[in-house]
Amino acid sequence: MAMGAWTSGPFLVSAAPGAGKTRPALELARTLLRERVVQRVAVVCPTTPLTRQWAAAAARLGVHLTPDAAALRPPRDFQGVAVTYARVASVAERWTRQCSPGTLVIADEAHHLGEDLAWGGGFARAFGPAARWLLLSGTPFRSDEAPIPGVRYEGGVAVPDVSYSYADAVRDGICRPVTFIPYDGVLQWRSGDDVMEASFGEALAGREAGRRYRTAISVELPDGLPRILAAAHAKLEEVRAGGHRDAGGLVVAADGAHARAIAAILKAVTGRAPTVVLHTDTRAAEKLAAFTRSTDRWIVAVNMVSEGVDIPRLRVGVYATAAKTPLIFRQIVGRFGRTLPGRPVDMSWLYLPADPVLRAHAADVERELRHILRPPTDGDPFALDEPPEQRETERAEEPAFVPLAADVAPQLALFGAPAPAAAPVARVAAPAAVAEPEPERPAAFERRALLRDKRHRLVADLRRRDGRSHAEINRWLNRSTGIRRVEDASLDQLERSIELLLGALSGRR
């Protein structure tokens, strides 16, 4: 076991969501405590409920942690603490004084730490004296591309000491494979005085691409998202009829109002009110636990289904959040990959808008699984991404935006067999046949994305080389190339930035 030979410094374990990182980390902690190699354990997590989950899991192995601890030194009869990143950052200097080389630090979901940000900086200061940092993450990267403390990078990419991918977990029967079912069709919205109409197969500018996506997840258009919810419910009933009698479904919504509207649609479709869980709900953890233990069909959630949420009976999902980063996407997919003891490792299903960004994320997952689930095929028509400025929801409401109409239907499952037809559902129109759109191949978009990615990687390399912060290097580049904001940079300006970075790294500047 690689961790058994580890003696000091940071150690990164990258394991797919649902593959199981908690137990081996705690078994290592138990061994090191018994052998008196370490004197205490500090588990650091993103949220307070996770500190309790870690403490409960540790207790089952005979390691006693104080959850939501206020100090690094545990009470008598305890071997350590479990604490949130926020608490550590707020009292980092005090924790530094209490930390020693004999402290084993376990950083759960370490991608929450950014070197130049509050949590990352506080973590690094608080646990600087510790001889060992065990960093755990199913997605060891950040959407803002800030380095994670203690992680080694090559070419801007994190290099784990141990890697156990989603494909590994599916091959070993630890995780379920997930099939993606994109939906597309005719989408229409008002943008100021103009009426726009497009499918996801058509290239659009940033703001209108965002409005097209918002139209696709709108609850106000009966032949749009409500139709997809009906199709997803039919799939869930099919899964239950096939033997998984308590299989559940999850819809990830954009915000509280969106979640409640989706819940009303699901109640009309199914005859039962789903569970609704919002991150602002004081009973959120209790509701999640109750749904996990129940046989209820649907749960609708906002910002409550990422790290630490373990509902193995989830088999069908609908992606209806405005968040489209790779990190969020992977975390949501991970909710459907968990398995149940004694049950076959059956397929799960995720319905999502046929947005190019989401299709690119899905393609990345499918590429990992291709050699396991089906023979490799030539080419990958969905590998292209939208330019970075199209990844964000629009920031302004001018000109006014109003979704007008949608006529969408599930498409062919990505890289797989066609999705089975949904059974008719009362008060919801049957899906209309919509041709699979030609994949977008915006060469300029691809080139721009590649240039920006290369610039980010080179900035990170230069930062490690000469010690300047990301902000300082970016200010120098922007002044030298006449860029006001990287989002607005031309291709020539991006290429010039890369030339300057390469010159600096080779010592020519």
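**Terms and their grounds**

Q: What makes Arg23 and Glu27 a salt bridge?
A: The closest N and O atoms of Arg23 and Glu27 are 2.9 Å apart. A salt bridge is a side-chain nitrogen of Lys or Arg within 4 Å of a carboxyl oxygen of Asp or Glu, so the pair of Arg23 and Glu27 qualifies at 2.9 Å. Side chains of opposite charge can pair when their charged atoms come close.

Q: What kind of model is this, and how are its residues and values to be read?
A: This is a predicted model, in which local features need pLDDT of at least 70 and side-chain atom pairs count only at pLDDT 80 or more, while totals for chains, interfaces and linings use all residues. Residues are numbered from 1 along each chain as its sequence is written, and side-chain values use heavy atoms, with hydrogens and water left out.

Q: Why are Arg23 and Glu27 separated by about one helical turn?
A: Arg23 and Glu27 are four residues apart in helix α1 (residues 22-34), and therefore about one helical turn lies between them. Helices (H or I, at least four residues) and strands (E, at least two) are DSSP runs, numbered from the N terminus. An α-helix has 3.6 residues a turn, so residues three or four places apart point the same way.

Q: Which pair in helix α13 is likewise separated by about one helical turn?
A: Asp461 and Arg464 are three residues apart in helix α13 (residues 443-466). Their closest N and O atoms are 2.8 Å apart, and they form a salt bridge. A search of the whole structure finds 16 salt bridges.

Q: Why is Glu208 called buried, whereas Arg207 is called partly exposed?
A: Buried means under 20% relative accessible area, exposed over 50%, and partly exposed in between (1.4 Å probe, protein chains only). Glu208 has 11% relative accessibility, so Glu208 counts as buried. Arg207 has a relative accessible area of 40%, so Arg207 is partly exposed. Glu208 and Arg207 form a salt bridge, with the closest N and O atoms 3.6 Å apart.

Q: Are Asp461 and Arg464 buried or partly exposed?
A: Asp461 has a relative accessible area of 23%, so Asp461 is partly exposed. Arg464 is also partly exposed, at 37%.

Q: What covers the buried residues of helix α5?
A: In α5 (residues 118-126), Gly120, Gly121, Gly122, Phe123 and Ala126 are buried. Their cover includes β2 (40-45), α3 (85-90), α4 (92-98), β5 (103-107) and β6 (132-137).

Q: How do you know that strand β10 is mostly covered?
A: Strand β10 comprises residues 178-191, and eleven of its 14 residues are buried.

Q: What makes β16, β17 and β11 partners of β10?
A: Two strands pair if DSSP finds at least two bridges between them. Six bridges join β10 to β16 (residues 348-353), and these two strands run parallel. Nine bridges join β10 to β17, which run antiparallel. Five bridges join β10 to β11 (residues 194-198), in the antiparallel sense.

Q: Which residue takes a positive phi in the hairpin of β10 and β11?
A: Gly192 takes a positive phi near 65 degrees, in a hairpin with two residues between the strands.

Q: Why are β3 and β9 said to stand at the edges?
A: An open sheet of seven strands, with parallel pairing, has the order β3-β4-β2-β5-β6-β1-β9. In this sheet β3 (65-67) and β9 (162-164) each have a single partner strand, so one side of each is left without a neighbour. Three bridges join β3 to β4 (residues 80-84), and these strands run parallel. Thr66 has Val81 in β4 as its bridge partner.

Q: With which residues is Ser163 in contact, leaving aside its neighbours within four places in sequence?
A: Ser163, found in strand β9, is in contact with Ser14 and Asp168. Contact means heavy atoms within 4.5 Å.
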